[in-house]
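Colleague: Hi! I'm new to this one, could you walk me through it?
Modeller: Happy to, let me put it up first.

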Amino acid sequence: MPLTGFRDFLPAACAERNYIFSKWREVARRYGFVEFDGPLLEELDLYKKKSGDEIVRQLYDFVDKGERAVALRPEMTPTLARIVATHHRDFRKPLKWFSIPQVFRYERPQRGRLREHFQLNCDIIGEASREADAELIALVIDVVRAIGFSAKDFVVRISDREFWTEFLKSERVPEERWEEMLQAIDKSEREPRENTTEKLGALADPVFGILAKGGESAKLNSILENLRARGLADFAKVDVRIVRGLAYYTGIVFEVFDRAGKFRAIAGGGRYDQLVSQLSDGAVSLPALGFAIGDVVLGEMIRANPTARAQMESALASDRAVDIFAVIAKPDRRADASAIVQELRDHGWRVEYPLNAMNIPKQFHTAEARGARLAILFGDEWPAIAVKDLTSGEQVLVAREQLLAHIARQCLSSRAERSEVERSR
RNA sequence: GUGGCCAUAGCUCAAUGGUAGAGCUCCAGAUUGUGGUUCUGGCUGUUGCGGGUUCGAGUCCCGUUGGCCACCCCA
C-alpha cells in the first residue's frame, strides 16, 4: 500500500490522469499559455514568509541532510513568483504561463482531498487590466467545459476583495483588522450565523445586509459583461461571499463549484498584485493573477457525470487500443511475422503479437482484449497474409507486398474518425 | 489536532460463538488454423496486528495499526 493520502496510478488511473492533463494543456494552449515547471522541494521560508500559521501547520516539511529546512510545495504560486522575480526581464509582458505541478499538504485525507494532488495552474503576470481578469475566468470556464461539463453542471462564483476592503475603509476599520474581517466573511457561508456575528461585532448588520442583497460593483459588473460578450454569461455569477482563505489575494477572487453542491470547490483563483513584490523584497513589482484546478475533485465529478464520463471512456478506449494484432498460426512463421510487425511499427501503426507460443483461439482472444481493429495471420498462406477485420469478421488474403497499402486503406479511415472525435472535444 | 464508522482471497462481499466460502478477475483446457458467448478445471487467506474471555473466536472484550467519512483548514 502507498503511504496515507498518496496514490498508485495503475494503468487505468494513469490513463485517466493523462486524459485530464491533456485537456488542461490543450485548453491552456488555446489561450496562448506556455508551460513551465519548478522544483518539488523549496526552502521552507518561501512558504512561511507570506502564509498564515494554519498553512505552515499543514506543510509537508523536513530538515534535509544539509540541515536545510525544506518543504514539498503546497502550491505553485510562490515558486512562480520566485521565478518571475528573477527572470521576468527575459519575457515580454504579460507572461501567460501554466504548470501542472503535484502539490502536497500534511493533513488527514478525506473525500476529495489527499496528501498529494495534481493541479493545473494558469497565471497572467504583468497585466493589470480588467480584460486579464475576464480572460482568466474565461479560461477556467473553458477548462471545465472541455472535460464535458455544461452550464447546468458548474458555475464560477466571482467576487472582489476590493469590494470588501473599500467597505471596511468606509466603516473606518483599522487596516490591521481587515484580514480577520475578510476571513469571517469567507466563513460566514459555512458556520452558524451567531459565530459570524460575534466575529464581526458592529459590522455584522451591514455585512449581512450586503450578503442578503447580493452585493455588486462596477468592476464585477464589467467582468460579467465581458463574459456575456464571449457567450459565457451562463457559467458565471457575482457572489461576494467568496473571499478565499489565502491572504495574498488583492482584487478579483473566484471559485468554481458544481451546481448540485455535492463536491467541494473544484477550482479557485484571483488577483495577487503584491505577491511578486513581497517575495522579492520589493525588488520586482508586477501585477498578477491566476487560478488552480485540482485533479481529485475533477476526477470525482467526471465519474459522477454521465456525459463527461462517456467522453473520457471513449477517449481512453481509443487511446489504449492497438491497430493490429499479428496471429502466428504456424510457429515456423514467427520470424516472418516479427519482421512484418516491425515494418508496420516503422510506419506508425500500433502492433502487437504473442511473445510465446499460443493456440489460435487464444491469440484471437488476446487481440480482442487489446482492442485491435485488424488481425493479420501468418501461416500456410505465406507469403500471402490473411487480414481479418475484427469488427466485421471479414477476412481477405493479401500478398506480402500489398500489405502496407491494404492496412493503410482499412485503418486510416477509422483513425481519421478517431482524431476527428478528439478534435471536436 | 478532534470525533464517528469499518477492517475476511487481487476485487466485491458471505459465514447463529462450532471444519473459512461464493461471484468476478487471473491461469489452464474443451481432440492440435480463427475472437466476443458458453462449459470444465486450477491458484490465492497467518480473517490487519497483539492480547484477553471461552472447551472452542472471523464472530465477544481491550489495545494497536490502517482505511473511509465528518470537523478543523483549504493551496
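What follows is a chat about the surface near the RNA, some sheets and a helix.

Colleague: What should I know before I look?
Modeller: This is a predicted model: local features need pLDDT of at least 70, side-chain atom pairs count only at pLDDT 80 or more, and totals for chains, interfaces and linings use all residues. Residues are numbered from 1 along each chain as its sequence is written, while chains are lettered from A and ligands numbered from 1 in the order in which they are written.

Colleague: Thanks! Which residues come nearest to RNA strand B?
Modeller: There are 40 residues around RNA strand B, and Thr 4, Pro 74, Phe 364, Gly 379 and Asp 380 come nearest. A residue counts as near if its C-beta atom, placed from the backbone, lies within 6 Å of the molecule or strand.

Colleague: And which elements give two or more residues to that surface?
Modeller: Those are helix H3 (53-57), helix H15 (360-369) and strand S16 (384-389). The largest share, 5 residues, comes from H15. Helices (H or I, at least four residues) and strands (E, at least two) are DSSP runs, numbered from the N terminus.

Colleague: How many nonpolar, polar and charged residues does the surface near RNA strand B have?
Modeller: It has 14 nonpolar, 11 polar and 15 charged residues. Here Ala, Val, Leu, Ile, Met, Phe, Trp, Tyr, Cys and Pro count as nonpolar, Asp, Glu, Lys and Arg as charged, and the others, Gly among them, as polar.

Colleague: Let's turn to the sheets. What is the strand order in the one with S15?
Modeller: The order is S14-S13-S15-S16-S17, an open sheet of 5 strands with mixed pairing. Its edge strands are S14 (351-352) and S17 (395-399), each pairing on one side only. Two strands pair if DSSP finds at least two bridges between them.

Colleague: Which helix packs on that sheet, touching S13 and S15?
Modeller: H15 does, and its direction makes about 170° with that of S13. Helix H14 (residues 334-346) lies across S13, S14 and S15, also running at about 170° to S13. For those angles, axes are lines fitted to C-alpha atoms, for helices over the stretch in contact, and angles run from 0 to 180 degrees between N-to-C directions. Two residues are in contact if their C-beta atoms, placed from the backbone, lie within 7 Å.

Colleague: How do S13 and S15 pair?
Modeller: S13 (residues 324-328) and S15 pair in the parallel sense over 5 bridges. Ile 324 stands opposite Leu 374 in S15, and Ala 326 has Ile 376 as its bridge partner there.

Colleague: What about S15 and S16, parallel or antiparallel?
Modeller: S15 and S16 run antiparallel, joined by 4 bridges. They form a hairpin with 5 residues between them. One of the bridge pairs is Ala 375 with Lys 388 in S16.

Colleague: Is S15 (residues 374-378) mostly covered or open?
Modeller: Mostly covered, with 5 of its 5 residues buried. Buried means that 20 or more other C-beta atoms lie within 10 Å of the residue's own; exposed means 12 or fewer, and partly exposed is in between, with C-beta atoms placed from the backbone.

Colleague: Which way do its residues point?
Modeller: Leu 374, Ile 376 and Phe 378 point one way from S15, and Ala 375 and Leu 377 the other way. In a regular strand the side chains alternate between the two faces of the sheet.

Colleague: New topic: which residues are buried in helix H6 (residues 161-170)?
Modeller: Arg 161, Phe 163 and Trp 164 are buried in H6. Seen down the axis of H6, its buried residues fall within an arc of 160°, so they line one face of the helix. That arc is of the directions from the helix axis to the C-beta atoms.

Colleague: What covers them?
Modeller: The cover includes strand S8 (154-160), helix H7 (178-187) and strand S10 (252-258). The face of H6 turned away from its buried side carries the exposed residues Glu 166, Lys 169 and Ser 170.

Colleague: Last one: which strands pair with S12 (residues 288-294)?
Modeller: Strand S7 (residues 116-125) pairs with S12 in the antiparallel sense over 7 bridges. Strand S11 (residues 267-271) also runs antiparallel to S12, with 5 bridges joining them.
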